[in-house]
Amino acid sequence: MKLRAVRLLAVVSVPALVLAACGDDDDDDAGSTTAEASAEEPAVEGDITVFAAASLTDAFTALGTRFESENPDASVEFNFGASSALREQIMAGAPADVFASANTSNMDQVVDGGAAADPQNFVTNLLEIAVPAGNEGGVSGLDDFANPDLLIGLCAEEVPCGEFGREALANAGVTPSIDTNEPDVRSLLTKLEAGDLDAGIVYVTDVMAAGDAVEGVEIPTDQNVVATYPIATLTDAPDAEGADAFVEFVLSDEGQEILQSYGFDAP
Amino acid sequence: MLHAAIGVQIGDFRLDIGLDVGDGEVVALLGPNGAGKTTALRAIAGLRPLDDGRIELDGAVLDDPAADVFVPTAERPIGVVFQDYLLFPRLSALDNIAFGLRARGQDKASARRHAHEWLERFALGEQAHAKPRTLSGGQAQRVALARALATDPRLLLLDEPLAALDAGTRVQVRAELRRHLATFHGARLLITHDPMDALVLADRLVIVEHGHVTQTGVPADVTARPASRYVAQLVGINLLHGIATGEHTVRLDSGAELTVADPLPGPEVALAIRPQAIALHGHRPDGSPRNTWTATITDVEADHDRVRVTLGGPVAATAEVTPASVAELGLVPGTSVWATVKAVDLTAYQR
Amino acid sequence: MARRVGARRASQQRVPWWILLLAAVAVAYVAVPFVALLQRAPWSDLGDLLGRSIVVDALRLSITTAFAATGLAMLLGIPLAWVLARTRFPGRSVARALVTLPMVLPPVVGGAALLFAFGRRGLLGAPVYDSTGFLLPFSMWGVVAANTFVAMPFLVLTVEAGLRAADPRYEDAAATLGASRSMIFRRITVPHAGPSIIAGAVLCWARALGEFGATVTFAGNLQGRTQTMPLAVFLALESDRDAAIALSLVLIAVSLAVILPLRDRWLTA
């Protein structure tokens, strides 16, 4: 698993660096100052509510546990779901401290709505084809998604992984024969694990997280889409200090190490 | 011809009766509530299988537990008029009557034709399309009867056919029912607790009490010689049990002795005394009546133009007197009176 | 003026004021969200929104599957209700508890259970798929199956109650007239249970129309094939709020169109 992550890191590092360079200059500055600051600040206390994209479930849960062990008076609670659903909840006034989205478009809408400021990209993710263990459908690439005899699932268009999945298919010039558009990536994975679907497009991190239940089939780089994940403290955060501390932690070396162990790539 | 030996056990209650009904006969099964009459009807109808016994109709065995024979209700050639008529509420009178014919395979058109004939016969032509809830009590009863007869049954069962009517209509409908029953020539069995029904409608009575038959016979005999307190009360006669102590004397269970005019029929006798035959006096009467006793009044009840006075004491009986006597003698519960009855007014018969 | 008249009427009916107050709160509690929905509705764009294929497809699918599920529920549920009401057999209470279970279970759990049973690798689904290639999930029949699963209990319980309340003596009368047991069931039992059957069918239909969790988990989500109104609303809510509201209004209108014409007397025994 780790070897693969390193390999991916090597492959992706060039475009990732380019992307990072295209991001706000402020990001880099903010990153360095907060990284220095965190070493000196006292332990955080309070309840921190984090809204995070479904694909961050396992990684962020681990981050949360580590954060809590380093800050015993703090407790982190997560609300995982489709980024678009989370965006709606935040705009409707849900009491959250931090928002971590699976794409920049949802974060931009939150920022435009005045609910967040100063988002920072913290990881990137690539897409991968997921098939049930055993790959009975014999899926080898995106071309197979046009096969009407196979049961194909995608995320719904409205959610990031669905939007990117369709982009990847367009890149490959494939018109897919879709059987279901799942509301979020986790429910898609569940059906793949159970063998109710033959193939679906999920994130690299999801394939890793599913372990033996699911096999991955690589999507070539020229077809693949890089998903950039931004994170931000919300303007109306009930615990702004805790929120900032958590965001710092995510961006810190320690946080990045944990994220990459789950298959994410550096931002 | 119905031959029924009915043995049914329901919890602690045991019904054990024998019953025969000939073609052309109307038999009334008469008894108090809880006697088992309805159970008997349900057994004959097949709605309740026998525990032991045998039911045979026109030579065909309908129920014989010992021989493991049971004919289901739908296959028995019977017609039943239920206590509440149970006319199907969503069907018109016409379709109610046609129901049995349709059940036996007739098509809708011919079933309705036959049903129309029955309606005419019962003078219900105008009610053909009426729903049961719009019919009067008497009309509903006729529809129920027509419905039961339309399938040409060998045995007609009627369960308290007049119970659903108020007192006023009952008398008139009873007379009508008598006429209608006469038009059916098969066996007819009537269940009732009302003695007037039995007396007006039946050729023969079978008295059932506590699950057993206590008396059978034609109405005249049963009323003249009631064999049980229930029947005696029913027909309004006092019944006293006693032992013969001489050719004309009877000692009652209470110890009192009464003298009867006619020779006694046997050692154990029942004495029947009409309430009207008991005379009440304020003082011990002079003259001949041998049967004289003091009694305490336990109840005084007016009944139209007569008054029934219930007497407690050595001779427990009910006397019937005029209102004038009540006033004259000051008859109120708790007071004592002298009672007499003439020997010739005592009817004795073997128990 | 109006208040005085109201007070007199209320006292004439002799209803305690606090009962009226609570009842008014109950009505308001249900009415206010609908009013808010109506207020947010994109009235000017409504015609255009309603013509969109996503709306038409979802509506057609919802209505078709709700009726199909109700029909299936009646076919299976009425005999079941009769057995539960009229017969005694060991395990009857277990059977009734089982039939009631989908009412208590979260619909998503119901959908998952259906997958375990009828999915491609399911208990019954696997052998059927291997031998015939037929699969319930991801098809309209999957939607009907999910709807029936969650909605049938409503019908069964309502009809069972109606049958229990019905007088069994009418069936005795029919038997004495020579009617066979199936004739009795068809011409006496079922018609007498009419009002409870109608009430049960309406409840069943309404539940099926609004079903979401079991449908999305078992049948999936695909426009035109498995995307019913509730699914369409759910997804539209995040991407196209106006479309979501338009869809919701259509759902409400359809439901009212079915429920309002049913008068009390058809619903009471």
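I count two residues as in contact if their C-beta atoms, placed from the backbone, lie within 7 Å. With that rule in hand, I opened my notebook on this predicted model, where local features need pLDDT of at least 70, side-chain atom pairs count only at pLDDT 80 or more, and totals for chains, interfaces and linings use all residues. Residues are numbered from 1 along each chain as its sequence is written, while chains are lettered from A and ligands numbered from 1 in the order in which they are written.

**Entry: chain C meets chain B**

I looked up who takes part here, and found 13 residues from chain C and 16 residues from chain B in the contact. Helix 9 (169-176) and helix 10 (181-192) are the elements of chain C that give two or more residues to its side. I keep in mind that helices (H or I, at least four residues) and strands (E, at least two) are DSSP runs, numbered from the N terminus. The largest share on the chain C side, six residues, comes from helix 9. I sorted that side by class and got eight nonpolar, three polar and two charged residues. My classes take Ala, Val, Leu, Ile, Met, Phe, Trp, Tyr, Cys and Pro as nonpolar, Asp, Glu, Lys and Arg as charged, and the others, Gly among them, as polar.

**Entry: helices 9 and 10 of chain C**

How do these two helices pack? I found an angle of about 160° between helix 9 of chain C and helix 10 of chain C, with their axes 10 Å apart. That makes helix 9 of chain C roughly antiparallel to helix 10 of chain C. For such words, angles under 35 degrees count as roughly parallel, over 145 as roughly antiparallel, 65 to 115 as roughly perpendicular and the rest as oblique. The axes are lines fitted to C-alpha atoms, for helices over the stretch in contact, and angles run from 0 to 180 degrees between N-to-C directions. I noted C:Tyr170, C:Glu171, C:Ala174 and C:Ala175 on helix 9, touching C:Ile184, C:Ile188, C:Thr189 and C:His192 on helix 10. By class, this contact has five nonpolar, two polar and one charged residues.

**Entry: helices 4 and 14 of chain C**

I then turned to helix 4 (residues 53-86) and helix 14 (residues 241-259) of chain C, which pack at about 30° with axes 11 Å apart. That makes helix 4 of chain C roughly parallel to helix 14 of chain C. Helix 4 brings C:Val55, C:Ala58, C:Leu59 and C:Ile63, and helix 14 brings C:Ala246, C:Leu247, C:Val250 and C:Val254.

**Entry: chain C meets chain A**

Here 16 residues of chain C are in contact with 15 residues of chain A. Helix 13 (residues 229-239) gives the most to the chain C side, with five residues. That side has eight nonpolar, five polar and three charged residues.

**Entry: chain C as a whole**

I find 15 helices and zero strands in chain C. Of its 269 residues, 37% count as buried (20 or more other C-beta atoms within 10 Å of the residue's own; 12 or fewer is exposed, in between is partly exposed, with C-beta atoms placed from the backbone).

**Entry: the largest nonpolar core**

Which residues touch the most other members of the largest nonpolar core? I found A:Val98, A:Phe99, A:Leu234, A:Phe246 and C:Cys204, out of 134 residues. Helix 8 (residues 140-165) of chain C gives the largest share, 14 residues. Such a core is a set of buried Ala, Val, Leu, Ile, Met, Phe, Trp, Tyr and Cys residues joined through C-beta atoms within 7 Å.
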